[in-house]
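Hi,

Here is the structure I promised to pass on.

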Amino acid sequence: MLVSLLKVLFFVALVIAIAFGVEQVMQLDGQAIVTFGGFEMTLRPLELLIGAGVLLLTIWVTIKAIGFLVAFVKFLNGDETAISRYFNRNRERKGFQALSEGMMALASGEGQLAMQKAEKADRYLNRPELTNLITAQAAELTGNRKKAEETYKKLLTDDRTRFVGVRGIMKQKLADGDTDTALKLAEKAFALKPKHVEVQDTLLKLQADRADWEGARKTLSAKLKSGSLPRDVHRRRDAVLAVSQARDVLAEGATIEARETAIAANRLSPDLIPAALMAARSYIEDKKPKYATRVIKKAWEAQPHPDLATAFAEIEPEESAEARIKRFQTLIRHNPDNEETKMLMAELYIAAENFPEARRALGDLPVEHPTARNLTIMAAIERGSGSDDAIVRGWLTKALTAPRGPQWVCENCSQIHSAWHPTCSNCSGFDTLAWKEPPAGEISMPASTEMLPLIVGSPNQPSAHGTAIVSAEAAESPVAESPQPVEGVVAEDAVVVDASDDNRTDDGGRVEEELEIFPLEEDQKKSA
């Protein structure tokens with residue numbers, strides 16, 4: 001407000017000064033005679049002042065006109081002038097406007113319009129490092145993969161856009177399933193930008209798929225150094241890679257190196273079950289049962305698993321069933337209420353033929369949370385206790401359609417795996433397998449009760465061996481695929497306590513090696 005008032009006051013003062021000056025000049029007496037080329041003019045003071053101003057204005061206009069003519073000639077000659085700068089600014093304005101419109105079209109999903117705007121912007125700006133980015137992404141949006149690849153290749157020629165070009169072609173190769181080329185491009189992109197999180201993850205995934213565990217561990221270390229991976233997650237995933245590397249080394253016959261790698265993996269992540277298993281068996285082979293016991297106990301405390309019980313049994317393979325029960329007490333006290341602990345103790349008591357203790361150890365598990373394994377254990381308990389065949393068959397019927405319980409399930413796609421792997425076979429997710437129950441409804445077998453005679457046999461038709469044990473293969477395969485009814489159940493690989501191959505507690509493998517096979521009542525009567 002004060003500045004505006006000062007401007008008004010200054011303008012009024014200037015007008016007053018000019019008016020006062022003109023009045024003073026008009027009051028002057030005298031004349032001025034100007035002679036030029038034989039021409040003579042007589043001017044009064046005011047006229048002389050006006051003439052001088054006109055002369056100065058004419059000289060200024062003449063100088064400017066000459067300067068404009070010189071600039072125009074330079075413009076025609078290709079030199080940079082004010083005229084060329086004006087046209088350049090105009091072209092840049094139109095180019096950046098087209099570029100912004102292309103980005104808006106790309107964001108709104110109008111790929112064809114985005115390509116048109118990018119071409120227009122390229123004509124005005126002549127800056128391919130900007131326009132090629134929009135052109136490549138718009139070409140991918142419209143499905144023109146050839147155009148996108150050509151544009152990405154153009155970006156490779158500029159150091160500023162080389163990473164974008166490599167990354168774009170890498171993603172195209174991944175979409176095409178060309179993992180070999182994608183791996184090389186991922187390594188190149190990682191060398192250009194080691195801290196790029198997406199490139200790190202892609203490279204790690206490709207290296208894990210190709211079982212390049214050493215390279216994957218280097219990439220994982222780079223993720224830790226760049227700050228894109230927490231330290232605890234790094235230790236867990238490094239252990240996953242280490243145990244995978246130990247498996248490959250063991251397959252090549254380098255047992256000593258495999259043992260060292262497995263032990264190192266277990267130290268990185270004691271709760272990783274595969275690492276604990278390899279480390280424990282390495283200690284067992286080195287005649288170090290105390291170290292093996294400590295490793296298994298720590299892993300069991302984190303998460304009970306049947307394979308851990310198997311490895312724990314391998315520490316003392318020659319012990320009796322009663323001694324084994326006593327030794328296992330040191331293991332189960334870490335997680336006494338866990339379902340795996342209850343089923344493990346029931347199996348051990350069955351092996352010792354102590355069926356009342358086996359029933360108490362199992363508790364209400366078959367009723368509260370029935371699975372194929374605990375229901376089969378219950379059938380074995382009933383058979384060992386001398387229950388009627390109908391009761392045993394009832395438990396086996398329930399086991400047929402019951403869930404299998406915890407398995408190795410991918411947390412990304414819920415794919416079920418028979419054994420642990422560092423990557424999912426379905427979605428290729430790294431370190432996504434977890435020991436848990438799969439979602440309900442994965443397996444459905446209709447009319448299971450009507451199928452009972454086909455699976456466990458008829459009371460009037462005893463089996464060749466007179467057993468009531470269901471094999472794992474028979475329990476998992478549809479009955480319709482069987483060419484004829486299975487009488488009784490009879491297979492050398494019959495599983496007594498569990499219908500899966502993952503649940504073992506004895507040194508050679510299964511609990512049935514410790515369990516007597518109890519004949520059916522019909523066979524007992526016939527033999528009598």
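First, some housekeeping. This is a predicted model, so to speak of local features I needed pLDDT of at least 70, and side-chain atom pairs count only at pLDDT 80 or more, while totals for chains, interfaces and linings use all residues. Residues are numbered from 1 along each chain as its sequence is written, and side-chain values use heavy atoms, with hydrogens and water left out.

**The chain overall**

The chain has 24 helices and five strands; these are DSSP runs numbered from the N terminus, with helices (H or I) of at least four residues and strands (E) of at least two. Of the 528 residues, 40% are buried (under 20% relative accessible area; exposed is over 50%, partly exposed is in between, with a 1.4 Å probe and protein chains only). Taking contacts between residues at least 6 apart in sequence, 55% join residues at least 24 apart; contact means heavy atoms within 4.5 Å.

**Helix packing**

Two packed helices are described by the angle between their axes and the distance between the axes. The axes are lines fitted to C-alpha atoms, for helices over the stretch in contact, and the angles run from 0 to 180 degrees between N-to-C directions.

Start with helix H4 (residues 111-125) and helix H5 (residues 128-142), which pack at about 160° with their axes 8 Å apart. H4 and H5 are therefore roughly antiparallel (angles over 145 degrees; under 35 is roughly parallel, 65 to 115 roughly perpendicular and the rest oblique). Their crossing is left-handed, that is, the near helix is turned anticlockwise from the far one by less than a right angle, whereas clockwise would be right-handed. On the H4 side, the residues that meet H5 include Ala114, Met115 and Ala118, and on the H5 side Ile134, Ala138 and Leu141 are among them.

Helix H7 (residues 162-176) and helix H8 (residues 179-192) pack at about 155°, with axes 9 Å apart. H7 and H8 are therefore roughly antiparallel, and H7 passes H8 in a left-handed crossing. Among the residues in this contact are Phe163, Val166 and Ile169 of H7, and Leu185, Ala186 and Leu192 of H8.

Further along, helix H18 (residues 355-362) packs against helix H20 (residues 372-384) at about 155°, with axes 9 Å apart. That makes H18 roughly antiparallel to H20, and the crossing of H18 and H20 is left-handed. In H18, Phe355, Ala358, Arg359 and Leu362 make the contact, and the H20 residues they meet include Ile377, Met378 and Ile381.

**Aromatic rings**

A search of the whole structure finds three aromatic pairs. Rings of Phe, Tyr and Trp (its six-membered ring) pair if their centres lie within 6.5 Å; planes under 30 degrees apart count as stacked, over 60 as edge-to-face and the rest as tilted.

In one of the pairs, Phe312 and Phe328 have ring centres 4.9 Å apart and planes at 80°, so the pair is edge-to-face. Phe312 is in helix H15 (residues 306-314) and Phe328 in helix H16 (residues 321-332), 16 residues apart. Both Phe312 and Phe328 are buried. The charged end of Arg327 sits over the ring of Phe312, 4.6 Å from its centre (the test is NZ of Lys or CZ of Arg within 6 Å of the ring centre and within 35 degrees of the ring normal).

Trp408 and Trp435 also form an edge-to-face pair, with 5.4 Å centre to centre and 65° between the planes. Trp408 lies in strand E3 (residues 407-410) and Trp435 in strand E5 (residues 433-436), so the pair ties together parts 27 residues apart in sequence. Both Trp408 and Trp435 are buried.

There is another charge over a ring: the charged end of Lys398 is over the ring of Trp395, 4.9 Å from its centre.

**Single residues**

Ile33 is in strand E1 (residues 32-36) and counts as exposed at 55% relative accessibility. Leaving aside neighbours within four places in sequence, Ile33 is in contact with Glu40, Met41 and Thr42.

Ala211 has a positive phi near 60° although it is not glycine; it is in the loop between helix H9 (197-209) and helix H10 (213-226). At 36% relative accessibility, Ala211 counts as partly exposed. Ser428, also not a glycine, has a positive phi of about 65° and is in the loop between strand E4 (416-417) and E5.

Cheers
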